[in-house]
Amino acid sequence: MVRNGYRGPVYATPATCELVKILLLDSGRLQEEEAEFANRHGFSKHSPALPLYTEQDTERALKLLRPVELHHKVELAEVITRTALRRGITLVPSFAVGRAQLLMYHLYQLKRKRAIPDIPIYLSSPMATDVTLLYQRFRSEHRLSLEECEGMCHVAQFVRAVDDSRALDQQRNPAVIIAASGMATGGRVVHHLKALAPNPINTLLMPGFQAGGPRGAQMLRRRISQELGWSVSVPEYRDSVELSSIDLTKRKPPLPLHR
């Protein structure tokens with residue numbers, strides 16, 4: 001991308017930035033050596049053979065690196081606590097596979113450490129519920145301990161029925177609701193948004209990357225979602241933050257279901 005003209009920032013953790021410096025410089029050098037070797041011995045179908053990128057390209061790329069510290073657990077705890085103190089609901093759009101379980105893992109850890117209030121957490125997604133139960137069935141396929149797996153799988157109340165899901169919007173007590181889909185393009189999160197977003201005591205928490213076009217990215221850019229039938233001003237989204245992803249499986253190969 002840099003070779004083709006990209007000049008924007010590249011964000012990574014400080015450790016990743018240092019690792020990239022080692023890997024990319026070496027890789028660029030090897031690319032040039034392999035292209036030179038192919039040209040000298042004439043075995044490439046290209047004439048001349050060119051490196052995919054050069055050491056000089058990597059040096060330009062490294063200048064674009066911007067180290068960013070990970071504070072996702074702190075941010076998550078602060079947002080949920082602040083919302084609970086004003087007796088609001090934290091609504092979290094989430095992908096049913098992988099992201100929902102990651103969120104529940106963090107929430108279990110935060111509750112265990114008493115870093116967030118002891119408020120109810122709801123998983124309003126039949127698919128996410130079924131996927132979560134697979135973590136219990138296939139414990140040997142991930143690196144969570146028995147205690148961690150049980151804690152993650154039981155930190156939230158599973159909400160399968162549509163009527164029960166809609167009833168969550170009527171409660172008047174602090175809570176966390178995790179609902180699909182992750183980019184707020186469809187699924188149960190849409191009716192939760194319609195019911196909860198107009199009330200300024202509630203928080204919309206976007207846990208991860210939002211592609212440019214879908215509703216989630218538009219809300220992060222403070223646009224008004226007229227298509228849902230309500231008008232939401234900027235303050236309603238003041239608590240939208242990023243939650244960086246981590247790999248729950250650590251060093252073992254992940255479950256096929258885990259993304």
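Which residues point one way from E6, and which the other way? In this predicted model, Ala 175, Ile 177 and Ala 179 point to one side of the strand, while Val 176 and Ile 178 point to the other, and all are buried. Strand E6, which spans residues 175–179, is accordingly described as mostly covered, with five of its five residues buried.

The setting of E6 is an open sheet of five strands, arranged in the order E5-E4-E6-E3-E7 with parallel pairing. Strands E5 (157–158) and E7 (203–204) stand at the edges of this sheet; each has a single partner strand, so one side of each is left without a neighbour in the sheet. In general, the strands of a sheet pair through backbone hydrogen bonds, in either a parallel or an antiparallel manner.

The pairing of E6 with its two partners can be followed through individual residues. E3 and E6 are joined in the parallel sense over five bridges, and Pro 93 has Ala 179 in E6 as its bridge partner. E4 and E6 also run parallel and are joined by four bridges; here Tyr 122 stands opposite Ile 177 of E6.

Helix H8 (residues 188–196) lies across E3, E4, E6 and E7, and runs at about 150° to E3. Helix H4 comprises residues 99–112 and contains Leu 103. Leu 103 counts as buried because its relative accessibility is 2%, which falls under the 20% limit. Leu 103 and Ile 178 are 75 residues apart in sequence, yet their C-alpha atoms are 8.5 Å apart in space.

Backbone geometry in the loops was then considered. Most residues other than glycine have a negative phi, and most peptide bonds are trans. Ser 47 and Pro 48, however, are joined by a cis peptide bond with omega of about 0°. Pro 48 is placed in the loop between helix H1 (14–41) and helix H2 (55–62).

A positive phi, near 60°, is found at Arg 87 and also at Arg 114. Arg 87 belongs to the loop between helix H3 (72–85) and E3, whereas Arg 114 belongs to the loop between H4 and E4. With a relative accessibility of 46%, Arg 87 counts as partly exposed; Arg 114, with a relative accessible area of 77%, is exposed.

Methods:
Residues numbered from 1 in each chain as written. Predicted model: local features only at pLDDT ≥ 70, side-chain atom pairs only at ≥ 80, totals over all residues. Heavy atoms only, no water. Pairing = 2+ DSSP bridges. Helix = DSSP H or I, 4+ residues; strand = E, 2+ residues; numbered from the N terminus. Contact = heavy atoms within 4.5 Å. Axes fitted to C-alpha atoms, helices over the stretch in contact; angles between N-to-C directions. Buried < 20%, exposed > 50% of the residue type's maximum accessible area, 1.4 Å probe, protein only.
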